[in-house]
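Subject: Structure handover

Hello,

Here is the structure I said I would pass on. My notes on what was found in it come after it.

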Amino acid sequence: MSDAPGILPSQSIEDLIAEGAITASRPFDADQVQPASLDLRLGARAWRVRASFLPGAGRTVPQRIADVAMHELDLTKGAVLERGCVYIAELQESLALPKGVSARANPKSSTGRVDVFVRLLTNKSVTFDDVAEGYSGPTYIEIAPQTFSILVRTSTRLNQLRLKRGDPPKLSIRSVGVDLSDGVAGFRARRHAGVVDMDRVDGHDPRDFWEPLIPRRGELLLDPGEFYILASKEAVEIPVMEAAEMTPIDPSVGEFRVHYAGFFDPGFGTEEANAVGSRGVLEVRSHETPFLLEDGQIVARLVYEPLTAKPARLYGELGSHYQRQGLKLSKHFRVW
């Protein structure tokens, strides 16, 4: 194991669990630790709140919830989170990070692909998603469904945590273009669709939730406020000793947001994982003005960082819905 700065691999995350630096109110699931990240699970309670917030230095998340809560939900029985509303939920995992170790959270791929905006909260935090070195305490999640209302319950996984030692260097930054070539090149979410059960795999008819898009002349017009699923023009490969994050907002490439779920684990799209040719799926929401995308246009950037050691397993080795993917909706939907 290298002492150099880097992202911690699966075996190091398991060591932190064994040492008590990561604990949970329920036993950990066998597949909860990913090659370079840890899935986080919803706890028993959530609150509908009237506004998003950051606790700020000196204040805890429960103290702020008391100021903005509208009503409490019991997740043990399952609950529907309505689109256009904001919720705060307990997570089962708590942290006692050792010196030199910090963390960053991001939505899981399946969460971003149904346009659910989630962010991690910790006590006394002044930023979302980032957990400071040495943090000790519980974790919470802000959940804001944008297009579909969702059904969640205790142990539903909506986000994931990446742990790192020191300040890992940026090894490379690669541009990602969009594929708007022949045939169905994307999907646009239907308004006023039904509820998406976040734990139900292959359980929804995609035609009830999505409209297929066929570009004309290699172009696609993004309408303001609409949500799109598109695919990268290039294959994406994450070497086994690296991890990557797709930057969610880059004003220099256009007036839209790309990719809520930003983590790519080591082994994605690699020859070692027998997955050469895997594409990146892009979750796109246009802002205030219509925007015309062209085939191959740069829409996002991947930032690569080193791991401290080769992970004990690569992405997809325990099964994955997204390894070897092309244009693909979330796991909740049957094949188009």
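Aspartate 115 sits in the loop between helix H3 (109–112) and strand S9 (116–122). This is a predicted model, and in it aspartate 115 has a positive phi of about 60 degrees although it is not a glycine. Its relative accessibility is 0%, so aspartate 115 counts as buried.

Serine 155 is another residue other than glycine with a positive phi, here near 85 degrees. Serine 155 is placed in the loop between strand S12 (150–152) and strand S13 (157–165). With a relative accessibility of 26%, serine 155 counts as partly exposed.

Asparagine 123 is also a loop residue, found between S9 and strand S10 (130–131). Is asparagine 123 buried or exposed? At 17% relative accessibility asparagine 123 counts as buried, because the cut-off for buried is under 20%. Leaving aside neighbours within four places in sequence, asparagine 123 is in contact with Arg59, Thr60, Val61, Pro62, Tyr135, Pro138 and Tyr140.

One of those contacts, Val61, belongs to helix H2 (residues 61–68), where the buried residues are Val61, Arg64, Ile65 and Val68. These four cover an arc of only 105 degrees around the axis, which puts them on the same side of H2. An α-helix has 3.6 residues a turn, so residues three or four places apart point the same way. The buried residues of H2 pack against strand S4 (37–49), strand S5 (69–74), strand S7 (86–96), S9 and strand S11 (136–145).

Helix H1 (residues 10–18) can be read in a similar manner. Its buried residues are Ser10, Ser12, Ile13 and Leu16. They cover an arc of only 165 degrees around the axis, and therefore lie on the same side of H1. What do the buried residues of H1 pack against? Their partners are strand S2 (22–24), strand S3 (33–34), S4 and S13. Glycine 20 follows H1 and has a positive phi, near 85 degrees.

For the record side, UniProt places the feature "domain: 2'-deoxycytidine 5'-triphosphate deaminase N-terminal" at residues 5–166, in an unreviewed entry. Over residues 5–166 the chain is 13% helix and 48% strand. The end C-alpha atoms of residues 5–166 are 5 Å apart.

Next, a sheet. Four strands form an open sheet in the order S14-S25-S20-S22, and the pairing is antiparallel. Strand S14 (172–177) and strand S22 (263–264) stand at the edges with a single partner strand each, so one side of each is left without a neighbour in the sheet.

S25 (residues 298–306) is joined to strand S20 (residues 242–246) by five bridges, the two strands running antiparallel. Between these strands, glutamate 245 has valine 303 of S25 as its bridge partner, and methionine 246 has leucine 302 of S25. S14 and S25 also run antiparallel, and six bridges join them. There, serine 172 has tyrosine 304 of S25 as its bridge partner. S25 is mostly covered, with seven of its nine residues buried. In a regular strand the side chains alternate between the two faces of the sheet.

The second largest pocket brings some of these strands up again. About 240 Å³ of space lies in this pocket. Its lining has 14 residues, and Arg104, Lys164, Lys170, Glu245 and Glu305 lie nearest the centre. Which strand supplies the largest share of the lining of the second largest pocket? S20 does, with three residues. S13, S20 and S25 each supply at least two residues of the lining.

Last, lysine 328, which is found in the segment after S25. Lysine 328 is partly exposed, with a relative accessible area of 27%. Not counting residues up to four places away in sequence, lysine 328 touches Arg113, Ile229, Val281, His321 and Tyr322. Lysine 328 and glycine 203 are 125 residues apart in sequence and 15 Å apart in space, C-alpha to C-alpha.

Regards

Conventions
Residues numbered from 1 in each chain as written. Predicted model: local features only at pLDDT ≥ 70, side-chain atom pairs only at ≥ 80, totals over all residues. Heavy atoms only, no water. Pairing = 2+ DSSP bridges. Buried < 20%, exposed > 50% of the residue type's maximum accessible area, 1.4 Å probe, protein only. UniProt positions renumbered as here; feature names shortened; annotations may be inferred. Arc of directions from axis to C-beta. Contact = heavy atoms within 4.5 Å. 1 Å grid on protein atoms, 1.4 Å probe; cavity = no way out; pocket = protein on both sides within 12 Å on 5 of 7 lines; lining within 4 Å. Points joined across faces, edges and corners; volume = space filled by probe spheres on them.
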